[in-house]
Amino acid sequence: MRFRYAMVCSSNQNRSMEAHALLNRQGLDVASYGTGSHVKLPRPSAREPNVYGLGTPYKHMFDELRRKDPELYPILSITSGWYIADA
């Protein structure tokens, strides 16, 4: 029997996204879910996160964040698994 894994986070934040990528790289069947109404990702100001609707493809978020600040987001370790997560 093959197990399936779910990453659940209030806002599908970077921690659950990184866990998703880690499990996916190990060949596990994983999906991500948020319990809130939006995906919130950090910005330089903690009071103004980047906000996306649930169901927004990771690739869209990644491309937009990379356009906004290509230096910041790789440092936060939130982009490493996004393309894997959408696969």
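What follows walks through the fold, confidence, core, surface patch and salt bridges of a predicted model.

Starting with the overall layout, the protein has 4 helices and 4 strands, and these run along the sequence as β-α-β-β-β-α-α-α. Of its 87 residues, 33% are buried. Among contacts with a separation of 6 or more, 50% are between residues 24 or more positions apart. The accessible surface comes to about 5,600 Å², with carbon and sulfur atoms supplying 54% of that area.

The mean pLDDT is 75, and 77% of the residues reach 70 or more. Strand β4 (residues 50-53) has the highest mean among the elements, at 86, while helix α4 (residues 82-86) has the lowest, at 40. Over residues 79-87 the pLDDT stays under 50, and for this stretch the model has 23 contacts beyond four places in sequence.

On to the inside. Nonpolar side chains tend to be buried together in soluble globular proteins. Here the largest nonpolar core has 7 residues, namely M17, V39, L41, Y52, Y58, M61 and L65. Two elements, β3 (38-41) and α2 (58-68), each give two or more residues to this core, and α2 gives the most, with 3.

Some nonpolar side chains sit on the outside instead. M1, F3, Y5 and L28 form a surface patch with about 480 Å² of accessible area together. Of these, Y5 lies in strand β1 (residues 4-9) and counts as partly exposed because its relative accessibility is 33%.

As for charged pairs, the whole structure holds 3 salt bridges. One joins D29 to R4, with the closest N and O atoms 3.0 Å apart. This pair links distant parts of the chain, since D29 is in strand β2 (residues 29-34) and R4 is in strand β1, 25 residues away. R4 counts as exposed at 65% relative accessibility, whereas D29, at 27%, is partly exposed.

The other pairs belong to helix α2. R66 bridges to D63 with a closest N to O distance of 3.1 Å; the two are 3 residues apart in the helix, so about one helical turn separates them. D63 is buried, because its relative accessible area of 16% falls under the 20% cut-off, while R66 is partly exposed at 44%. K68 and E64 also meet through their side chains, at 3.7 Å from N to O, and lie 4 residues apart in helix α2, about one turn. Both are partly exposed, K68 with a relative accessible area of 46% and E64 at 21%.

Definitions and conventions
Residues are numbered from 1 along each chain as its sequence is written. This is a predicted model: local features need pLDDT of at least 70, side-chain atom pairs count only at pLDDT 80 or more; totals for chains, interfaces and linings use all residues. Side-chain values use heavy atoms; hydrogens and water are left out. A nonpolar core is a set of buried Ala, Val, Leu, Ile, Met, Phe, Trp, Tyr and Cys residues joined through side-chain atoms within 4.5 Å. Buried means under 20% relative accessible area, exposed over 50%, partly exposed in between (1.4 Å probe, protein chains only). Patches are made of residues with over 30% relative accessible area and no salt bridge: like charges are joined within 9 Å, nonpolar side chains (Val, Leu, Ile, Met, Phe, Trp, Tyr) within 5 Å. Accessible areas come from the Shrake-Rupley method with a 1.4 Å probe; for residues, only the protein chains shown count as cover. A salt bridge is a side-chain nitrogen of Lys or Arg within 4 Å of a carboxyl oxygen of Asp or Glu. Contact means heavy atoms within 4.5 Å. pLDDT is the predictor's confidence in each residue, from 0 to 100.
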